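Here's a quick briefing to read with the model open in your viewer. It goes through the sheet, the cores and the charged pairs in turn.

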Amino acid sequence: MASVLLVEDDHVVRGAMLRSLTDRGHAVHAVGTALDALRRVAAETPDLVVLDLGLPDLDGSDALRMLRGITDVPIIIATARDDEQSVVKLLRAGADDYMVKPFTGAHLDARITTVLRRAGRASRSVQPAVHSVGGLRVDVGERSAQLDGESLALTRKEFDLLAYLAARPGRVVSRRELLEEVWRQPSVGEDQTIDVHLYWLRRKMGESAAKPRYLRTVRGVGFRLVAPD
């Protein structure tokens, strides 16, 4: 059973999804606006959010970015948009998965189970340990990271990515390995997701691809984490 926040403004659709997920054993709280969703997440963090894009008070993609600013819980987007550009934009903004309407309650339940399992596997991709590389310290058990004594405010996936690389200092890690071990899903276009997460991770660590310190790109192969020269 999972604690699910359902964000859907259509009361008929919301009611049907609520009944379906509840019948399948989930604890579901349903809201109809982005503002209510933000309030709910801030007050009581759910295990997962199902977010409709067509909300009355805020575009769903904007709501996604705002939710990502306050929580790292998995978010599944419910959308009528099925073009590749829209999907890539949503993944870049922090969505863990998306579903194109209409879909059945059984399909949604299966996606919820898969996303939660994938998130759990990613967090266990390295054994609980503390990894130190130069001035970088990554505590896997506490899910915290510090750089030169200062805490890094990382999202769930940013931490998973950093922890995986920190556990293998100096080793070149391929994109395929990152997809399989951190994201746990082979998917067309996921290379862009890796690049986006690396971009934000580098920014938070005070570096860039042009002027790297810890995170080095090995062109055409992958990435490695090393202590600064």
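A word on angles before the tour: axes are lines fitted to C-alpha atoms, taken for helices over the stretch in contact, and angles run from 0 to 180 degrees between N-to-C directions. Keep in mind that this is a predicted model. With that in hand, helix α6 (residues 156-166) lies across β10, β11 and β12, and runs at about 75° to β12.

- The three strands form an open sheet in the order β10-β12-β11, and the pairing is antiparallel.
- At the edges sit β10 (173-174) and β11 (215-218), each of which pairs on one side only.
- β10 and β12 (residues 222-225) run antiparallel and are joined by two bridges.
- As background, strands of a sheet pair through backbone hydrogen bonds, either parallel or antiparallel.

**The annotated domain**

- The UniProt record, an unreviewed entry, puts "domain: Response regulatory" at residues 3-116.
- Over residues 3-116 the chain is 47% helix and 21% strand.
- The end C-alpha atoms of that stretch are 11 Å apart.

**Nonpolar cores**

- In soluble globular proteins, nonpolar side chains tend to be buried together.
- The largest nonpolar core here has 28 residues, and those with the most contacts inside it are L136, V138, L152, L162, L178, M205 and L225.
- At least two residues of this core come from each of β7 (136-139), β8 (144-147), α6, α7 (175-183), α8 (190-204) and β12.
- Helix α6 gives the most to this core, with seven residues.
- What does L178 touch, leaving aside its neighbours within four places in sequence? L178 is in contact with L161, Y164, L165, V173, W183, I194 and F223.
- A second, separate core has 20 residues, including L53, L67, V73 and A95.

**Salt bridges**

- Side chains of opposite charge can pair when their charged atoms come close.
- The count of salt bridges in the model comes to 12.
- K101 and D52 meet through their side chains in one of these, at 2.8 Å from N to O.
- This pair links distant parts of the chain, 49 residues apart: K101 is in the loop between β5 (97-100) and α5 (105-123), and D52 is in strand β3 (residues 48-52).
- K101 counts as partly exposed because its relative accessibility is 28%, whereas D52 counts as buried because its value is 5%.
- E8 joins in too: E8, D52 and K101 are linked in a network of salt bridges.
- R65 forms a salt bridge with D62, with the closest N and O atoms 2.4 Å apart.
- Both R65 and D62 lie in helix α3 (residues 60-68), three residues apart, which is about one turn of the helix.
- At 40% relative accessibility R65 counts as partly exposed, and at 31% so does D62.
- R156 forms a salt bridge with D96, and the closest N and O atoms are 2.6 Å apart.
- R156 lies in helix α6 and D96 in the loop between α4 (84-93) and β5, so the pair ties together parts that are 60 residues apart in sequence.
- Buried or exposed, where do R156 and D96 fall? Both R156 and D96 are buried.

Definitions and conventions. Residues are numbered from 1 along each chain as its sequence is written. This is a predicted model: local features need pLDDT of at least 70, side-chain atom pairs count only at pLDDT 80 or more; totals for chains, interfaces and linings use all residues. Side-chain values use heavy atoms; hydrogens and water are left out. Two strands pair if DSSP finds at least two bridges between them. Helices (H or I, at least four residues) and strands (E, at least two) are DSSP runs, numbered from the N terminus. Contact means heavy atoms within 4.5 Å. UniProt positions are given in the numbering used here, feature names are shortened, and annotations may be inferred rather than shown by experiment. A nonpolar core is a set of buried Ala, Val, Leu, Ile, Met, Phe, Trp, Tyr and Cys residues joined through side-chain atoms within 4.5 Å. Buried means under 20% relative accessible area, exposed over 50%, partly exposed in between (1.4 Å probe, protein chains only). A salt bridge is a side-chain nitrogen of Lys or Arg within 4 Å of a carboxyl oxygen of Asp or Glu.
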